[in-house]
2 protein chains.
Amino acid sequence: MPVTLKDVAELAGVSTSAVSRAFTEGASVSDKMRAKVQAAADELGYHPNALASGLTTGRTKLIGLISNNFHNPIFLEVFDRFTRGLQERGLRPLIVNLTDETAPDASVRLLRQYSVDAVIVASSTLPPTFARAFREAGLPVVHTFGRRNARPKVDVIGIDNVACGALAGQTLIARGYRQIAFLGGPKAATSTQDRLRGFLEATAGSADLCVSHSFAQAYSFEAGRDEMRRLLEAGCAEAYFCGDDVLSIGAMAALRGAGLRVPEDVGVIGLNDMEMAGWDNVALTTIRQPLAEIIEASIDRVITLLGAPEALPRSRVMGCVLVERGTLRPLPSA
Amino acid sequence: MPVTLKDVAELAGVSTSAVSRAFTEGASVSDKMRAKVQAAADELGYHPNALASGLTTGRTKLIGLISNNFHNPIFLEVFDRFTRGLQERGLRPLIVNLTDETAPDASVRLLRQYSVDAVIVASSTLPPTFARAFREAGLPVVHTFGRRNARPKVDVIGIDNVACGALAGQTLIARGYRQIAFLGGPKAATSTQDRLRGFLEATAGSADLCVSHSFAQAYSFEAGRDEMRRLLEAGCAEAYFCGDDVLSIGAMAALRGAGLRVPEDVGVIGLNDMEMAGWDNVALTTIRQPLAEIIEASIDRVITLLGAPEALPRSRVMGCVLVERGTLRPLPSA
DNA sequence: CGGCACATTGCAACCGGTTGCAAAAGGACT
DNA sequence: AGTCCTTTTGCAACCGGTTGCAATGTGCCG
């Protein structure tokens, strides 16, 4: 039913190889031939079959895109940017939703079955071993939002979570908060651990500071709300650094539900600066993660890897800045 | 490098056909043979190449998933459900992000290049002709969130937007609102048009009612906020039926920004009941669209279509119900 | 034990392209 | 016109599987 290479070749009165070459960038074909083939192809409405060509070239232009954070609104932005970015470069994302699973085996198998050219693991809650499994299976991998590493086993692109945690801690101190807490994401996530570490390091040493921390079950609204509710029973800190924006929003819902005002009674600072953080009714003070750049860099890196699969893995870290909105009290005007 | 059928055949000392059959459901193979092949395959870590087999069988298990609403948080739920549902059934979603484009041609071409078995168009803002283009190209299509149709050209699964509009209108009237308005999504979207129609029909005839309507640029927070800001300059209705939840949230941000309280000063009702509508800090009264069922049904329909590509297209409509939260004033206690 | 039906297996062609290699064609120069 | 070198083109094998068909093997019957 669909029109094939052979059909075009017949109509144009040339060999199939000629047609194939006419559609291949930089192949050895005369202009005359190319024009003749093009005409026949247009007449028939021919388009090459990507799968068949992938079979021989080993290149499918399929990129596995793996994630597990389908309840964090920032991931809609992540998917938007990844899917757009990939398709602009002629690549196709093949999505794997890991919500129910955490073992890499099934995903590895699946993506190999489809001969993906490379894999992007977009998650800060999957262990580093996860991304590594793809590399060991011979697939180029980029771990977006992964943990920076001096001698990484796979390419990592993300932010310096330790520095972000420190920035949050310093910011809270600068605002004059004394009882401060970290309400983190899932304890097992490298992002959570690193943010906590930075936060603790930055807030250590001041004797008049009361610093505490706890963890939410996930990076989600409900998890943030529930954890903050739990915390409120024991008594409340003056300000919270929440593991990310959606946790912040959940936490603020719990705070307001308990009759507390933000920022008058309690301060909150998030991390990510997802679109929603800027919504008028949220106005979250947060640390901005440069999402666009991270994803651009991830895609660029994937493309590099396609051409040089044995390239030495490296970590790339993007800078984060404070975005002032309305959930922390202002700097005390010295 | 990767292990192929031939490798397994050699190791097992059988023909490649035998191996192929051993991996094919319901093929003619003895148990003994299957066991022998399985053993060899396990030893080598063999898994069939989905693309190669797709080439001969014409079945790739790839499903095109097309959408353009990457700024509406409900679509994160949509993607979560679609990707999970498809992969549970052994199908793989190939995502097309239409944000920049509206012409079906490029998508049709692309998805045909990858020999997708079927296409799901998940959008209420694409014209019916869009989904139809895939059908005309010979691809089974399901248009999720499409417009119901007595004699549909493609399968449509969604809700009765006219009825939803009517339900919203009736609800506002029942609450005693007199100056009511529809703040719709993009004017060109069938969902907007139908919701408006139902809304107008339900509110027509009452002389003491003042009914108006206008349209936002998109189904997004910003669009809802901006349109509401515009409306506020001219003066405000008592209650708004917003095109969907995210528009409602944007509109409420504008209302509160103008010093108006919801629901004390102005009532708001949305449509969808996305997760966020239930967040404590949103608590949006809305009309619930049964997302899980719609998506389940869409996937089921796709699977049916795979087996019977010439099945007569039909519209399937799911029921919607009011979800009471906190953005409309309560029923006047008669 | 022969005969027959049916289940199992292998052969070889094919799915839609790609590509190394050698033959054919074109061009420049003597 | 004849050489020699460079393009351009076609042939045929191959990518990793699938499948119709014929050959072989098996089980059951008389």
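By class, ten nonpolar, 14 polar and two charged residues make up the surface near DNA strand D. The model is predicted. In it, 26 residues surround DNA strand D. The closest are A:A18, B:L5, B:S17, B:S20 and B:S53. Helix 4 of chain B gives the largest share, five residues.

Helix packing was examined next. Two packed helices are described by the angle between their axes and the distance between the axes. In chain B, the axes of helix 1 (residues 5-12) and helix 3 (residues 31-44) come within 9 Å and cross at roughly 120°. Helix 1 of chain B is therefore oblique to helix 3 of chain B. The crossing is right-handed. Helix 1 of chain B contributes B:D7, B:V8, B:L11 and B:A12 to the contact. Helix 3 of chain B contributes B:K36, B:V37, B:A40, B:A41, B:E43 and B:L44. Seven of the contact residues are nonpolar, three are charged and none is polar.

In chain A, helix 5 (residues 74-88) packs on helix 12 (residues 291-307) at an angle of about 40°. Their axes lie 10 Å apart. The two helices are therefore oblique to each other. Helix 5 of chain A passes helix 12 of chain A in a right-handed crossing. From helix 5 of chain A, the contact involves A:E77, A:V78, A:R81, A:F82, A:G85 and A:L86. These meet A:L291, A:A292, A:I295, A:E296 and A:I299 of helix 12 of chain A. The residues of this contact divide into seven nonpolar, one polar and three charged.

Definitions and conventions:
Residues are numbered from 1 along each chain as its sequence is written. Chains are lettered from A and ligands numbered from 1 in the order in which they are written. This is a predicted model: local features need pLDDT of at least 70, side-chain atom pairs count only at pLDDT 80 or more; totals for chains, interfaces and linings use all residues. A residue is near a molecule or strand if its C-beta atom, placed from the backbone, lies within 6 Å of it. Helices (H or I, at least four residues) and strands (E, at least two) are DSSP runs, numbered from the N terminus. Ala, Val, Leu, Ile, Met, Phe, Trp, Tyr, Cys and Pro count as nonpolar, Asp, Glu, Lys and Arg as charged, and the others, Gly among them, as polar. Axes are lines fitted to C-alpha atoms, for helices over the stretch in contact, and angles run from 0 to 180 degrees between N-to-C directions. Angles under 35 degrees count as roughly parallel, over 145 as roughly antiparallel, 65 to 115 as roughly perpendicular and the rest as oblique. A crossing is left-handed if the near helix is turned anticlockwise from the far one by less than a right angle, and right-handed if clockwise. Two residues are in contact if their C-beta atoms, placed from the backbone, lie within 7 Å.
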